[in-house]
Amino acid sequence: MDQEKQRRLRSLPAVHEVISRLEHDEEFSPFLANEKQLPRLTQGVRQVLQKARENVNRNFTDSANSSWTSSLAEFEVSLWSWLKTQLLQELTHPETSLRRVINGTGVVLHTNCGRALLAPEVARFVAEQAERYSNLELNIETGERGSRYVHVEELLCHLTGAEAAMVVNNNAAAVLLMMNTFAQGKDVIVSRGELVEVGGSFRIPEVLKAGGAKLVEVGTTNKTWLRDYESAIGPETAVLLKVHTSNYRVEGFTHNVSGAELVELGAMRNLPVMEDLGSGSFFDGTTLGFPLEPTIQQTVKAGLSLVSFSGDKLLGGPQAGIIVGKQDFIKRLRANQLTRALRVDKLTLAALEGTLLLYKNGGLEDIPVWKMLSLPMDTLKAAASALREALQSNPAISVELKEDVSQVGGGAWPTVDLPTWVCAIRLKTRSAIELEKFLRLGPIAILARIHKDWVHIDVRTILVGDREDIVRRLGELV
Ligand SMILES: *Cc1c(COP(=O)(O)O)cnc(C)c1O
């Protein structure tokens, strides 16, 4: 046994031998053509050889993996292709900490995976803006300094029906800015049923405190009436705030007060009404079978002074906090010093402008988030079948098509289960937990769901090119 092992270890090539052999290999020419790549190549070869050594050592103590324990001749043949595959992975593997991930979870707005995806043409526009100078704060007509907000304000007003608009870093920042500008040292009235916490520890009571405002809770968890707001109004009241309960639902014996009712009350008592809409959507989801929720346009129409929402939830754009509403209110927000600290960068603005233009000129299918949410069952089934086809010849796994459910994610429509098709995979010799880990720890992390003894890859969130990478990774099991 030990002798066999020593023989294999000795048959491993030296670093310079691998490199000179690669010189005749077309696949590696991009890495050899450029002098600057050479240290990386050498480093890669070293790492891969080290891995080979470890494999030889390990597999001779636990003889689980046959290719490392086959005859020496077979070993030498398979070694070279193994080295090449590993090395290519090593070299194409980015050095960055941020990496591409394959989302096989079916969660469309996956907060851990970057929430909304941009449309390809929007991503190209962002890349162009990143590489070139722009008129970010330049009025091209006059040659004088302009405002970065003008690039999206008109579009936002056009799409929402609001008088004015501005954009900050994210929706949490939007709420903070609204409270700080209009309620610092004053009272803000919020229903007890709307004191939400969303992921990443955004809590309405804490955000109000951070903005310098004092929270006045009214009503109960399940029921709040207009008279509750009315009787809480005092000399210190500055704002009536509505918060969208994005990520949970109080069901049964409930009542809450609509934005329109609050606007009426606010008008009588000379108080502004604001709403944190959370996700916010331009589309009416009921056409796709989602529960009824007012669109951004409908919320604005109710006449609130300010409405805020996220850019990267159901809007399907970049991370941003969008605030729309009355002209004089937006003006006061802009004058707040905090705005400078919370301001959006040019890449976000580019991504947002591109996305908003798609809403103006296109339809549902142009926004990746909505395209994924509206995929018909037969399209999903065809995609799952294609993945199964591609995996069927792999002897290490069992593959089946199954029906399952996807989630919207991002705290939007938490109670909605979207019917979907998944490719269910099982290893012949190892557990679902091990398979999930194997997929996640590959050169491109593949995320999937564990369901009983199976690993489910939900094709709803699988993108062009992902299938090949999934097949390749699972092929390594053979
Ligand atoms: C998601 C959410 C936020 C936070 O928005 P970000 O854009 O993630 O900062 C705030 N309020 C509500 C109601 C939300 O759903």
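User: Which residue does UniProt list for "modified residue: N6-(pyridoxal phosphate)lysine"?
Analyst: UniProt lists Lys 313, in an unreviewed entry. Keep in mind that the model here is a predicted one.

User: Where does Lys 313 lie?
Analyst: In the loop between strand 12 (306–310) and strand 13 (321–325).

User: Is Lys 313 buried or exposed?
Analyst: Buried. Its relative accessibility is 6%, and buried means under 20%.

User: What is Lys 313 in contact with, leaving aside neighbours within four places in sequence?
Analyst: Leu 109, Arg 115, Ala 116, Gly 278, Ser 279, Val 369 and Gly 410.

User: Let's zoom out. How many helices and strands does the protein chain have?
Analyst: The chain has 19 helices and 18 strands. Its C-alpha atoms fill a box of roughly 90 × 60 × 40 Å, taken along the principal axes.

User: And what share of the residues is buried?
Analyst: Buried residues make up 48% of the 478 in the protein chain.

User: What about contacts between residues 24 or more positions apart?
Analyst: They account for 75% of the chain's contacts with a separation of 6 or more.

User: Switching to helices. At what angle do helix 1 and helix 5 pack?
Analyst: About 30°, with their axes 11 Å apart. Helix 1 covers residues 2–11 and helix 5 covers residues 72–92. The crossing is right-handed.

User: Which residues make that contact?
Analyst: Helix 1 brings Arg 7, Arg 8 and Ser 11. Helix 5 brings Leu 72, Phe 75, Glu 76 and Leu 79. By type, the contact of helix 1 with helix 5 has three nonpolar residues, one polar and three charged.

User: Next, Leu 156. Where is it found?
Analyst: In helix 7, residues 150–160. Leu 156 is buried, with a relative accessible area of 0%.

User: What does Leu 156 contact, beyond its neighbours within four places in sequence?
Analyst: Gly 161, Ala 165, Val 167, Ile 322 and Leu 356.

User: How are Leu 156 and Phe 253 separated?
Analyst: They are 97 residues apart along the chain, and their C-alpha atoms are separated by 37 Å.

User: Where is the place of Glu 163?
Analyst: Glu 163 sits in the loop between helix 7 and strand 5 (164–168).

User: Why does Glu 163 count as partly exposed?
Analyst: Because its relative accessible area is 47%. Buried would mean under 20%, and exposed over 50%.

User: What does the side chain of Glu 163 reach?
Analyst: The backbone nitrogen of Gln 327, at 2.8 Å. Not counting residues up to four places away in sequence, Glu 163 touches Cys 157, Gly 325, Lys 326 and Gln 327.

User: How far apart are Glu 163 and Ile 330?
Analyst: In sequence, 167 residues. In space, 9.1 Å from C-alpha to C-alpha.

User: Last one, Asn 336. Where is its place?
Analyst: Asn 336 is in the loop between helix 13 (327–335) and helix 14 (337–341). It counts as buried, at 15% relative accessibility.

User: Which side chains make polar contacts with the side chain of Asn 336?
Analyst: The side chain of Asn 180 makes one, at 2.9 Å. The side chain of Thr 181 is also joined to that of Asn 336 by a polar contact of 2.9 Å.

User: And what does Asn 336 touch, not counting residues up to four places away in sequence?
Analyst: Leu 177, Asn 180 and Thr 181.

Technical notes. Residues are numbered from 1 along each chain as its sequence is written. This is a predicted model: local features need pLDDT of at least 70, side-chain atom pairs count only at pLDDT 80 or more; totals for chains, interfaces and linings use all residues. Side-chain values use heavy atoms; hydrogens and water are left out. Axes are lines fitted to C-alpha atoms, for helices over the stretch in contact, and angles run from 0 to 180 degrees between N-to-C directions. Helices (H or I, at least four residues) and strands (E, at least two) are DSSP runs, numbered from the N terminus. A crossing is left-handed if the near helix is turned anticlockwise from the far one by less than a right angle, and right-handed if clockwise. Contact means heavy atoms within 4.5 Å. Ala, Val, Leu, Ile, Met, Phe, Trp, Tyr, Cys and Pro count as nonpolar, Asp, Glu, Lys and Arg as charged, and the others, Gly among them, as polar. UniProt positions are given in the numbering used here, feature names are shortened, and annotations may be inferred rather than shown by experiment. Buried means under 20% relative accessible area, exposed over 50%, partly exposed in between (1.4 Å probe, protein chains only). A polar contact is a pair of N or O atoms within 3.5 Å; within protein, one must be able to donate a hydrogen and the other to accept it, and residues adjacent in sequence count only if both atoms are side-chain atoms.
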